[in-house]
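Here's a quick briefing to read with the model open beside you. Have a look at the fold, then go through the points below.

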Amino acid sequence: METLYKILEEARADVDFRNQTGKLIDDGILDSFDIIAIIGEINEAFGIDISVDELLPENFNSPEAMMALIEKLQKEV
């Protein structure tokens, strides 16, 4: 989880991801450019490939949701 927080904080230093209570996508905290950058970093850091099918708001609305997606994809490898 710490690696994910580091990726998120590098993408958007102005957002406190550790204490965020809103939904990152639904509340407009992250935009499509942020997500593209974050996905690239996640793919590289965790050795996974997030496909277009997984680009759903619910997979990116919180760090916990992103971590659940990462863990799911790691198990599929």
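**The fold at a glance**

The chain's secondary structure comes to four helices and zero strands, running α-α-α-α from the N terminus on. Helices here are DSSP runs of H or I with at least four residues, strands are runs of E with at least two, and both are numbered from the N terminus. This is a predicted model, so local features need pLDDT of at least 70 and side-chain atom pairs count only at pLDDT 80 or more, while totals for chains, interfaces and linings use all residues. Residues are numbered from 1 along each chain as its sequence is written, and side-chain values use heavy atoms, with hydrogens and water left out.

**Overall shape and surface**

- With 77 residues, a compact globule would have a radius of gyration near 11 Å, and the chain agrees at 11 Å. That radius is taken over C-alpha atoms, and the globule rule is 2.2 Å times the number of residues to the power 0.38.
- Along its principal axes, the C-alpha trace spans about 35 × 25 × 20 Å.
- Buried residues make up 42% of the 77 residues. Buried means under 20% relative accessible area, exposed means over 50%, and partly exposed is in between (1.4 Å probe, protein chains only).
- The chain exposes about 4700 Å², with carbon and sulfur atoms supplying 51% of it. The areas come from the Shrake-Rupley method with a 1.4 Å probe; for residues, only the protein chains shown count as cover.
- Of the contacts with a separation of 6 or more, 54% join residues 24 or more positions apart. Contact means heavy atoms within 4.5 Å.

**Helix 2 (residues 32-46)**

- The expected span is 1.5 Å times one less than the number of residues.
- Which residues of helix 2 are buried? They are Asp34, Ile35, Ile38, Ile39, Ile42, Asn43 and Phe46. These cover an arc of only 160° around the axis, so they sit on the same side of helix 2; the arc is that of the directions from the helix axis to the C-beta atoms.
- On the other side of helix 2, Phe33, Ile36 and Glu44 are exposed.
- The buried residues of helix 2 pack against helix 1 (2-11), helix 3 (57-60) and helix 4 (63-76).
- Asp31 caps the N-terminal end, with a side-chain oxygen 3.0 Å from the backbone nitrogen of Phe33.
- Just after helix 2, Gly47 takes a positive phi of about 65°.
- Asn43 counts as buried at 17% relative accessibility. Leaving aside neighbours within four places in sequence, Asn43 touches Ile48, Asp49 and Ile50.

**The loop between helix 2 and helix 3**

- Glu54 is found in this loop, and is buried at a relative accessible area of 12%.
- Apart from neighbours within four places in sequence, Glu54 is in contact with Asp49, Asn59, Phe60, Leu69, Lys72 and Leu73.

**Helix 4**

- The 14 residues of helix 4 should span 20 Å at 1.5 Å a residue, which agrees with end C-alpha atoms 20 Å apart.
- Pro63, Ala65, Met66, Met67, Leu69, Ile70 and Leu73 are buried in helix 4, and the buried residues of this helix pack against helix 1, helix 2 and helix 3.
- Ala65 counts as buried at 19% relative accessibility. Setting aside neighbours within four places in sequence, Ala65 is in contact with Glu58 and Asn59.

Technical notes
A polar contact is a pair of N or O atoms within 3.5 Å; within protein, one must be able to donate a hydrogen and the other to accept it, and residues adjacent in sequence count only if both atoms are side-chain atoms.
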